[in-house]
Amino acid sequence: MHILAFSAVAAMVLILIFIAKEAWPLLTSPAIHKEVTLAKMWFAQQWPGYDAPEHVWQPVSEVPKYAVWPLVVGTIKVTLVSMLVAVPLAVGSAIFISQYAGRRAREIAKPAIEFLAGIPSVVLGFFALMVMASWMQSLFDFDSRLNAVVAGVALSVAVIPVIFTVCEEALGAVPRSYVEASVALGAARWQTVTKVVLPAAAPGIAASIALGLGRAFGETMIVLMASGNAAIISANPADSVRTLSATIAAELAEVVFGGPHYTVLFALAVLLFFVTFVINFLGERTITRMKRRMGVSA
Amino acid sequence: MQASRRPRTGDAVLWFATGLATLLVLTILLILLVDVIKHGAPRLTLGFLTKAPAEGMTAGGIFPAIVGTVALVILMTLAALPAGVATAIYLHEYADPMAIGTRVVRIAVNNLAGVPSIVFGLFGLGFFVQFAGGGIDKLFFGGAKVYGQPALIWAALTLAILTLPVVIVATEEALSTVPRDVRLASAALGATKFQTVVRVVLPQAVPGILTGAILAVSRGAGEVAPILFTGAAYFLPTLPHSLNDQFMQLGYHVYVLATQSPDVDATRPLLYSTVLVLLALTFALNASAIVVRSRMRKRMAGNQA
């Protein structure tokens, strides 16, 4: 039984080993280096037919090009949009539910948000693609129907429950004595909330945002369906984008096993794994520490 | 006057802003549900649930996708439940919370929940399909491709790993609701630690473990990215009948209909109905998990009184 208990550890280690194993030839294989190297992925290259060195992701072409910056920029853009929408809504709701809402409002809102968390991401992707994209098109008159804004807003729906749940728990973990002391000193409700409860729960709120960020960064189906999947570097959120996760999902089915394209896609997965691992690790550690400080057993 | 008015304005502003945020979140959910039900319900007949897709997915039903999803989550649960429950028992009943091994397990559980689902898909392909499946083929089938290809069993095992943290967290919560007195009483009667856990603690934790299993199924039924390369198929004329068959699945079916249909207008009604079925399924599962959990909490509260 004790051996089974380390299943989660084994899973993490195996995941890392087996995706790293498939990406490893990118560092060592001369056959793959003929087509792609780490340097070619991260630095602008002079391609035939281009005027200046550029970052191009075009793995299926006469001269395969594997620049990752367009995908990284795309991922950051979509993630940023989703966080801009999700953080105020989720943290706002968490404050309302934990500080102001009566029992009835809480009993409606909490299960509803729990249900929102249960919606499969493919359903949100479907909704963004078929419904939201058209609404936003007629509202903002985008050049491309699917873009970083549409994907980001859809993604925020998946991120809101993540942030809300952790944030609400953090606000609820603030000891009653803090609130009572503040009220006893004559502070109004809003003063207690902004000057006592929020600062005390700040690490938990930060952690909730970190966990939401991790989710947004790695989410696949929503961005695959709603982002337009064009690998271009631009600052304009109304352009189509292609994210790291969507690139893997869209391209892996058509690659040669063990070939350069296959290897690069696994390397992108290693990148996703490490970035989300660091974000989640920091988030979880903050939560554990905060719980310990507030006297709740972790 | 000034001093007494400012707090009230502050409260009104904060109440309004945060209340508005809550309302907006609930509105998003409502809009999505209304839209899906409005467009999905008309086509949702018994025939739709019991027939196979026909005429290039522009007619017929989703029966094979329902069967595939059910088979997938059953296999997944069979794998995830024992491992998840054992991990939770270890963490809650045996492990020293400060020991380094325990901390590593806990970090692994927390971070496993945050690994992007597409990474699980690649892992499933690299580990289960190629390493495990390919290994089985080499050992038993002389290198012929039998298990070394995307299949129901590999997709189920990939999802089992993805849902492991869900089972662990729910089981641990269930174990922590079992009163300490019960454990002490059992020990006082001369039971060993193992007997106490198996005969006294676990039976009381069953509703919580059930909650975890239901939530895991709900999560697993909707995930698409992990099964893209490990076993899901676009269209199959027959139902899966062995572990190494490919399968159709509801979420994957939604993805295919939404992105690869040659005739969007013809598939739209079917697409909406499929989404409605998937949503109804996850809703039913989540609702039953909430009911089981609240009953368990009520019972525990009753015990303590």
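## Getting started

Two residues are in contact if their C-beta atoms, placed from the backbone, lie within 7 Å.

Residues are numbered from 1 along each chain as its sequence is written, and chains are lettered from A and ligands numbered from 1 in the order in which they are written.

The model scores ipTM 0.89 and pTM 0.89. Within chain B, confidence is lowest in strand β2 (residues 59–60), at a mean of 80, and highest in α6(B), at 92.

Watch out for residues 1–5 of chain B, where the pLDDT is below 50. Beyond near neighbours in sequence, that stretch has zero contacts in the model. Where pLDDT is low, the predicted coordinates should not be read in detail.

## The two chains

Let's count pieces. Helices (H or I, at least four residues) and strands (E, at least two) are DSSP runs, numbered from the N terminus. Chain A has 13 helices and two strands, and chain B has 10 helices and two strands. Reading along the sequence of chain B, you get the pattern α-α-β-β-α-α-α-α-α-α-α-α.

Along its principal axes, the C-alpha trace of chain A spans about 75 × 55 × 35 Å; for chain B the spans are about 70 × 65 × 35 Å. A residue is buried if 20 or more other C-beta atoms lie within 10 Å of its own, exposed if 12 or fewer, and partly exposed in between, with C-beta atoms placed from the backbone. By that count, 51% of the 298 residues of chain A are buried, and so are 48% of the 305 residues of chain B. Look at contacts between residues at least 6 apart in sequence: 74% of them in chain A join residues at least 24 apart, and in chain B the figure is 75%.

## Where the chains meet

On the chain B side, 62 residues are in contact with 67 residues of chain A. Several helices of chain B supply at least two residues each, including α3 (63–94), α6 (152–177) and α10 (264–304). Helix α1(B) gives the most, with 17 residues.

What kinds of residues are these? Nonpolar means Ala, Val, Leu, Ile, Met, Phe, Trp, Tyr, Cys and Pro, charged means Asp, Glu, Lys and Arg, and the others, Gly among them, are polar. The side of chain B that touches chain A divides into 43 nonpolar, 16 polar and three charged residues.

## Domains and the core

Chain B is divided into domain 1 (1–40) and domain 2 (46–304), with bounds that come from an automatic or database domain assignment. The C-alpha centres of these two domains lie 35 Å apart. Their contact takes four residues from domain 1 and five residues from domain 2. On the domain 1 side there are two nonpolar, two polar and no charged residues.

A nonpolar core is a set of buried Ala, Val, Leu, Ile, Met, Phe, Trp, Tyr and Cys residues joined through C-beta atoms within 7 Å. Of the 197 residues in the largest one, A:Ala128, A:Ala154 and A:Ile163 touch the most other members. Helix α8 (residues 148–172) of chain A gives the most to this core, with 18 residues. Domain 1 and domain 2 of chain B both give residues to this core, so it lies between them.

A:Asp141 and A:Asn229 are worth a look together. A:Asp141 has a positive phi of about 55 degrees although it is not a glycine, and A:Asn229 also has a positive phi of about 55 degrees without being a glycine. You'll find A:Asp141 in the loop between α7 (121–140) and α8 of chain A, and A:Asn229 in the loop between α11 (221–226) and α12 (244–251) of chain A. Are they buried or exposed? A:Asp141 is exposed, because it has 8 other C-beta atoms within 10 Å, whereas A:Asn229 is buried, with 21.

Now hop over to B:Thr50, in helix α2 (residues 46–50) of chain B. B:Thr50 counts as exposed because it has 11 C-beta neighbours inside 10 Å. Leaving aside neighbours within four places in sequence, B:Thr50 is in contact with B:Gly61 and B:Phe63. B:Thr50 and B:Thr259 are 209 residues apart in sequence and 24 Å apart in space, C-alpha to C-alpha.

Terms used: This is a predicted model: local features need pLDDT of at least 70, side-chain atom pairs count only at pLDDT 80 or more; totals for chains, interfaces and linings use all residues. pLDDT is the predictor's confidence in each residue, from 0 to 100.
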